[in-house]
Amino acid sequence: EHLSFGFGLYDGAASRHIHTGVHGPHTLDGDDLFFIGELDLKWAAGPQALPGRVGLGGWGHNGTFETFAGKMQHGADGAYLTVDQMLWRECGGAQDDPQGIGAFFQYGWVDEDVSEVTEHLGAGFSWTGMIPERDDDIAGLGANVVNRSHSE
C-alpha cells in the first residue's frame, strides 16, 4: 500500500538515429537497450491525511556513446529523486479529493562524460482545480536549475 517498485525496458536504438518503432521488437539489438526503475514510498500527512510521495530512481543505456573527450564509452546512466506533497486540500475532509495545492522537488544526475546537462534541480507548486468548474486542470509554478558538463 505504501511501497511500490516499477521497471521498464525499452528499445534505445534511437540514440544511434535508428528508428525501429515501425519494425517491431524483432529488430532490437542487445546493445541498444534503455532501462529505468523507480522505488516509491507513499504516505498521508497530518489530520487531513494529505498525500505525499518520494521516488528514488535510476536509469541506464547499454549502448556505446562518444564522450566529449572523443573516446568511446560503453553505457551511460543516471539517477533521480522526486518528492511530492499536498499542502492544502480544497475539501478538507474528503481524502479522495485531488483538488488543492501541492509542492514538488526534483533532483537528477547524469554521467558528465556523455551528457551536456549533468545535474537538474527543480521545485515548485501546483494547484489542481484552481478555476471553478475546471476541477481536473492543474496550474503550476516552478523553477529549474541545471549544471552543464565541464567536459564540453
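Guide: Strands here are DSSP runs of E with at least two residues, numbered from the N terminus. The model is predicted, with local features needing pLDDT of at least 70 and side-chain atom pairs pLDDT 80 or more, while totals for linings use all residues. Residues are numbered from 1 along the chain as its sequence is written, and side-chain values use heavy atoms, without hydrogens or water.

The largest pocket (an open set of points on a 1 Å grid, with protein on both sides within 12 Å along at least five of seven lines) has a volume of about 290 Å³. Among its 15 lining residues (those with an atom within 4 Å of a point), Pro51, Asp84, Gln85, Met86 and Gly102 come closest to the centre. Strand 3 (50-66), strand 4 (72-89), strand 5 (100-110) and strand 6 (117-128) each give two or more residues to this lining, and strand 5 supplies the largest share, five residues. By type, the lining divides into seven nonpolar, six polar and two charged residues, with Gly counted as polar and Asp, Glu, Lys and Arg as charged.

Asp84 also belongs to a network of salt bridges that links Glu38, Asp40, Arg53 and Asp84, a salt bridge being a side-chain nitrogen of Lys or Arg within 4 Å of a carboxyl oxygen of Asp or Glu.

Technical notes:
On a 1 Å grid over the protein atoms alone, a cavity is a set of points where a 1.4 Å probe fits but cannot get out, and a pocket is an open set with protein on both sides within 12 Å along at least five of seven lines; lining residues have an atom within 4 Å of a point. Grid points are joined across faces, edges and corners, and a volume is the space filled by probe spheres set on the points. Helices (H or I, at least four residues) and strands (E, at least two) are DSSP runs, numbered from the N terminus.
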